[in-house]
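Please look over the sequence and the structure below. The paragraphs after them go through the model step by step.

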Amino acid sequence: MTTQVERMPLAGLCALAVAGFVTILTEALPAGLLPQIGGALGVSEAMAGQWISIYALGSLLAAIPLTAATRSWRRRPLLLGAIIGFAIANLITALTASFIVAMTARFVGGVSAGLLWALLAGYAVRMAPPGLAGRAMAIAMAGTPLALSIGIPAGTFIGNLAGWRLTFGLLSVIALLLAGWTIAKVPDFSGEPEAQRPSLAQVFVVPGVRPVLAVTLCFVLAHNLLYTYIAPLLVGYRMTGQIDSVLLVFGGSALVSIGLTGALIDKWLRPLTFTGIGLFLVAVLILAVTTGAPLAIYGAALIWGLAFGGSATLFQTASARAAGPAADVAQAIIVTAWNIAIFSGAVMGGVILETAGAGGLSWAGIALLVGAAGSSLCMGRPAGAGRMM
């Protein structure tokens, strides 16, 4: 095992993790800065939350068409194109005074994210030593909890201290540095030959793919209903000055989750998935029934982070195993489902916030997680393969 771990291409996998970090931070950073963004651009917090929905819309519209159109292209130029897209989108966001221009830049960032997420899991698997694909994917996906545990709290702190525009400018600089790292440390791979390309419809009906999609949709939608509007949610609990602290607890436990997931996923994929859904349900129940006790809120954030941290790795690994040789197409479908959930979470959460108040977000999340639990029961092993375990 020691020899296999030493052969792991850590520099390249860490570059992929940083790409994921930039993607998640670009997407989710507005959640901690909605009051500042709305005030600067003259819109409500619910409207400012649509920065997240338009980003997700770009991702969900781009993932499948771009994946289909570029499957024969070499991989590293595509990865670099997505990274440069983030640099441009974040620079425009940092400089513009127009809400419409900012929304357009966010859409471009979302398109870049759709392409990057469709590439990331397959890239990690192709870089992995034999028998360690799950662990390699966990390393590549570590950018998600790092963004949540370090990036979002730090970005929120910097945004409150020096202005939200500076945070997006820094993201643009990070993306440019990452492009150089990618050229130096990430290997290039060929695309797929024409003869090896199954259609989208063929992949969609593969046993095991649709239940993974359903679980992903419900789980991520529940997460984004709450995370996008975490600022007004905490205001309702009279914890206005503790947003960055709550996000830090959430992200720290998410980081622990990704470590546990990486260690256990190759043998315990389904039990980890069931555990994540159960933990998330417990956390949201606490948020729904608490009267605002800080200890309960921080406890819920910790449990929520444990549930969410490894979810991207779990769902993408599950879809890859279910789809087998068609894993790249399955990843594009998962990315689309994920971003439908992000888009819907921002839109639905805004509607709930305006009509039922922040308290309605938790109850909507509970209903969605019950749906995720039901769908997870259908995540059986594909016929004759045993791949879901």
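**A walk through the model**

L295 lies in helix α15 (residues 294–308); helices (H or I, at least four residues) and strands (E, at least two) are DSSP runs, numbered from the N terminus. The model is a predicted one, in which local features need pLDDT of at least 70 and side-chain atom pairs count only at pLDDT 80 or more, while totals for chains, interfaces and linings use all residues. Residues are numbered from 1 along each chain as its sequence is written, and side-chain values use heavy atoms, with hydrogens and water left out.

L295 has a relative accessible area of 74% and is exposed. From the C-alpha of L295 to that of S149 the distance is 19 Å, and the two residues are 146 places apart in sequence.

How far can the model be trusted along the chain? The pLDDT, the predictor's confidence in each residue from 0 to 100, has a mean of 84 over the protein chain, and 93% of the residues reach 70 or more. Confidence is highest in helix α10 (residues 164–185), with a mean of 95, and lowest in helix α1 (residues 2–6), with a mean of 47. Over residues 1–5 the pLDDT stays under 50, and the model has seven contacts for them beyond four places in sequence. Residues 382–389 also have a pLDDT below 50, and this stretch has 26 contacts in the model beyond near neighbours in sequence. Contact means heavy atoms within 4.5 Å. Where pLDDT is low, the predicted coordinates should not be read in detail.

The next topic is the interior. A nonpolar core is a set of buried Ala, Val, Leu, Ile, Met, Phe, Trp, Tyr and Cys residues joined through side-chain atoms within 4.5 Å. The largest one has 128 residues, and L16, W51, Y227, F280 and W304 have the most contacts inside it. Helix α14 (residues 243–289) gives the most to this core, with 14 residues. Leaving out residues up to four places away in sequence, W51 touches P30, I37, L41, T93, F99, A102, M103, R106, W164 and F168.

T23 is found in helix α2 (residues 10–28). T23 counts as buried because its relative accessibility is 1%. Apart from neighbours within four places in sequence, its contacts are Y55, F86, A113, L116 and W117.

Q331 is buried, at 1% relative accessibility, and N339 is buried with a relative accessible area of 3%. Not counting residues up to four places away in sequence, Q331 touches A118, A121, Q316, S319 and A320. For N339, with neighbours within four places set aside, the contacts are E27, A56, S59 and L60. N339 and G58 are 281 residues apart in sequence, and their C-alpha atoms are 8.5 Å apart in space. Q331 and A222 are 109 residues apart in sequence and 21 Å apart, C-alpha to C-alpha.

I64 sits in helix α5 (residues 50–69) and counts as partly exposed, at 24% relative accessibility. Setting aside neighbours within four places in sequence, I64 is in contact with L200, A332, I333 and T336.

The last topic is the cysteines. A disulfide is a covalent bond between the sulfur atoms of two cysteines. In this model a disulfide is a pair of cysteine sulfur atoms within 2.5 Å, and by this rule the count is zero. C218 is buried, at 17% relative accessibility, whereas C378 is exposed, with a relative accessible area of 54%.

Conventions:
Buried means under 20% relative accessible area, exposed over 50%, partly exposed in between (1.4 Å probe, protein chains only).
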